[in-house]
Amino acid sequence: MSDLYDALRPFIDLADSETEDAPAPAKPLQLAVVGRPNVGKSTLVNRLIGKERLLTSAEAGTTRDAIAVEWQWKGRPVRLVDTAGLRKRPKVEGKLEKLSVNDTLRAIRFAEAVVLVLDAEVMLERQDLTIARLVEEEGRALIIAANKWDLVEDKPKALEKLRDRLQISLPQMQGLAVVTLSARTGRGIDKLLPTVFAAQEAWNRHIPTPVLNRWLEVAQARHPPPLVNGRRLKIRYMTQANTRPPTFALFASRPSELPDSYRSYLVNLMREEFDLPGVPIRMMLRGGKNPYADKE
């Protein structure tokens with residue numbers, strides 16, 4: 001075995017040197033385009049890539065499978081996935097449509113960012129909110145694309161109404177990015193991908209532990225945790241446990257008694273301080289002392 005190792009070693013060294021010299025290819029952004037049937041998802045993908053790659057029709061349900069398209073935007077690789085429209089569960093009929101729905105849900109789970117396409121003329125119906133909540137539960141970066149914007153007459157009023165509805169119906173996604181566009185004419189399309197990459201960057205953001213804990217002190221001084229049985233709850237320490245989406249662990253006295261309203265206060269304040277608009281934020285509560293207090 002030692003003779004075999006000596007014989008193979010030069011080839012291994014050569015492979016290592018070639019790997020170091022050649023930069024690794026950039027990993028493509030996994031981007032899913034989702035929405036209700038007939039809101040213009042396939043038309044939007046065709047407009048983005050500049051080709052009539054996907055079949056489009058005025059009839060709802062033309063797209064039956066999740067179709068992936070390899071593409072580049074300003075030199076950055078993107079894997080676009082056009083999906084079948086998601087109808088309300090009671091309206092899903094037949095084995096083929098059920099398979100299409102499962103395919104769409106799988107595309108969301110494997111995506112990094114998701115563009116939810118709305119019909120600007122009938123914006124943010126209950127099914128749109130259901131899809132948005134599903135994306136948030138899966139922890140994906142979400143961007144709202146209000147399509148057919150060229151058909152809207154009172155645009156400022158419609159945009160204000162959309163933002164108000166988002167704030168009321170999706171409070172867990174404060175600051176969600178909204179892009180108004182027309183897939184048919186191409187107007188506003190140029191704003192979509194910069195918004196997507198900005199959301200994906202926030203989704204990947206890591207905040208150093210010392211910065212987090214300085215912010216936590218200020219947050220508690222501004223609005224202290226509530227009293228429980230005459231004693232003040234105290235959050236002792238905070239650290240980021242993961243990214244994609246940003247996930248934080250808080251070490252507190254009696255964590256089970258910290259109200260959801262205070263956790264929401266911390267999450268919303270964190271969005272403002274660390275520029276995390278519209279990104280799902282996970283916050284886990286842990287009991288016990290600061291686990292890093294005795295470490296050098």
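Strand β5 is covered on both faces: A141, I143, A145 and N147 are buried on one side, and L142, I144 and A146 are buried on the other. Buried here means under 20% relative accessible area, with a 1.4 Å probe and protein chains only. Strands are DSSP E runs of at least two residues and helices are H or I runs of at least four, numbered from the N terminus. The model is predicted, so local features need pLDDT of at least 70 and side-chain atom pairs count only at pLDDT 80 or more, while totals for chains, interfaces and linings use all residues. Residues are numbered from 1 along each chain as its sequence is written, and side-chain values use heavy atoms, leaving out hydrogens and water.

With 7 of its 7 residues buried, β5 (residues 141–147) is largely enclosed by the rest of the structure. As for partners, β5 runs parallel to β4 (residues 113–119), joined by 7 bridges; strands count as paired if DSSP finds at least two bridges between them. A113 sits opposite A141 in β5. Strand β5 also runs parallel to β6 (residues 177–180), with 4 bridges, and I144 faces V178 there. The chain gets from β5 to β6 through helix α5 (residues 155–169) in a right-handed β-α-β crossover, that is, clockwise from the first strand over the helix to the second with the strands pointing away from the viewer.

Now the cores, meaning sets of buried Ala, Val, Leu, Ile, Met, Phe, Trp, Tyr and Cys residues joined through side-chain atoms within 4.5 Å. In the largest, with 55 residues, L80, L192, L266 and M270 touch the most other members. A second, separate core of 29 residues includes V178 and L118.

Conventions
Buried < 20%, exposed > 50% of the residue type's maximum accessible area, 1.4 Å probe, protein only.
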